[in-house]
Amino acid sequence: TRAGVTVARVLTNAGEVAARGQFAPTGGTAVVDQVETAARHRRRGLGTIIMRTLASAAASAGARQGILVATAQGRALYETLGWTVHTPMTAAVLTV
């Protein structure tokens, strides 16, 4: 944890990041961000390890709920872990 942001990482034997994620507390809420698993390490449960580790650390820090914005791929993981969709998100870009 540094400057209020807690980071969890799973490293390979070579020291490369296989999976990572982070959260920052805002009162009773933990904002989860940048959860990712490297392509060649997917489907091995690393995302679950990261999310459970973050949830445990957030609860220890006083968080009663978590929020995040998910990709379609990540959404399946989060729903498996008990997260529920509150609002579907749409990304829009304006090029001028």
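**Entry 1: contacts and overall build**

I began with contacts across the chain. Residues 24 or more positions apart make up 43% of the contacts with a separation of 6 or more. I note here that the model is predicted. Mean pLDDT for the chain is 94, and 100% of the residues reach 70 or more. I looked up where confidence is lowest and found helix H2, residues 72-80, at a mean of 91. Strand S1, residues 6-11, has the highest confidence, at 98.

I then listed the elements. There are two helices and four strands in the chain. Read from the N terminus, the order is β-β-β-α-β-α. The C-alpha trace spans about 40 × 35 × 30 Å along its principal axes. Of the 96 residues, 24% count as buried.

UniProt, in an unreviewed entry, lists residues 1-96 as "domain: N-acetyltransferase". I computed that span as 25% helix and 29% strand. Its end C-alpha atoms lie 39 Å apart.

**Entry 2: helix H1**

Next I took H1, residues 46-60. I asked what its 15 residues should span at 1.5 Å a residue.

Which residues of H1 are buried? I found Leu46, Gly47, Ile50, Met51, Leu54 and Ala58. They cover an arc of only 130° around the axis, and therefore sit on the same side of H1. I looked for what covers these buried residues. The cover includes S1, strand S2 (17-26), strand S3 (29-37) and H2. On the face turned away from the buried side I noted the exposed residues Arg52 and Ser60.

I followed the chain past the helix. Just after H1, Gly62 takes a positive phi of about 100°.

I moved on to Ala63, which is in the loop between H1 and strand S4 (65-67). Is Ala63 buried or exposed? Its relative accessible area is 11%, under the 20% cut-off, so Ala63 is buried. Leaving out residues up to four places away in sequence, Ala63 touches Gly28, Thr29, Ala30 and Ala58. Ala58 is also among the buried residues of H1. I took one distance as well: Ala63 and Ala19 are 44 residues apart in sequence and 23 Å apart in space, C-alpha to C-alpha.

Thr29 came up as a partner of Ala63, and I looked there next. Thr29 lies in strand S3. With 14% relative accessibility, Thr29 counts as buried. Setting aside neighbours within four places in sequence, I listed its contacts as Ala24, Ala63, Gln65 and Ile67. With Gln65 there is a polar contact between the side chains, at 3.1 Å.

**Entry 3: Thr12**

Last I looked up Thr12, in the loop between S1 and S2. At 19% relative accessible area, Thr12 is under 20% and therefore buried. What does Thr12 touch, not counting residues up to four places away in sequence? I found Ala18 and His41. Thr12 and His41 are 29 residues apart in sequence. In space I get 9.5 Å between them, C-alpha to C-alpha.

How values were computed:
Residues are numbered from 1 along each chain as its sequence is written. This is a predicted model: local features need pLDDT of at least 70, side-chain atom pairs count only at pLDDT 80 or more; totals for chains, interfaces and linings use all residues. Side-chain values use heavy atoms; hydrogens and water are left out. pLDDT is the predictor's confidence in each residue, from 0 to 100. The expected span of a helix is 1.5 Å times one less than its number of residues. Buried means under 20% relative accessible area, exposed over 50%, partly exposed in between (1.4 Å probe, protein chains only). The arc is that of the directions from the helix axis to the C-beta atoms. Contact means heavy atoms within 4.5 Å. A polar contact is a pair of N or O atoms within 3.5 Å; within protein, one must be able to donate a hydrogen and the other to accept it, and residues adjacent in sequence count only if both atoms are side-chain atoms. UniProt positions are given in the numbering used here, feature names are shortened, and annotations may be inferred rather than shown by experiment.
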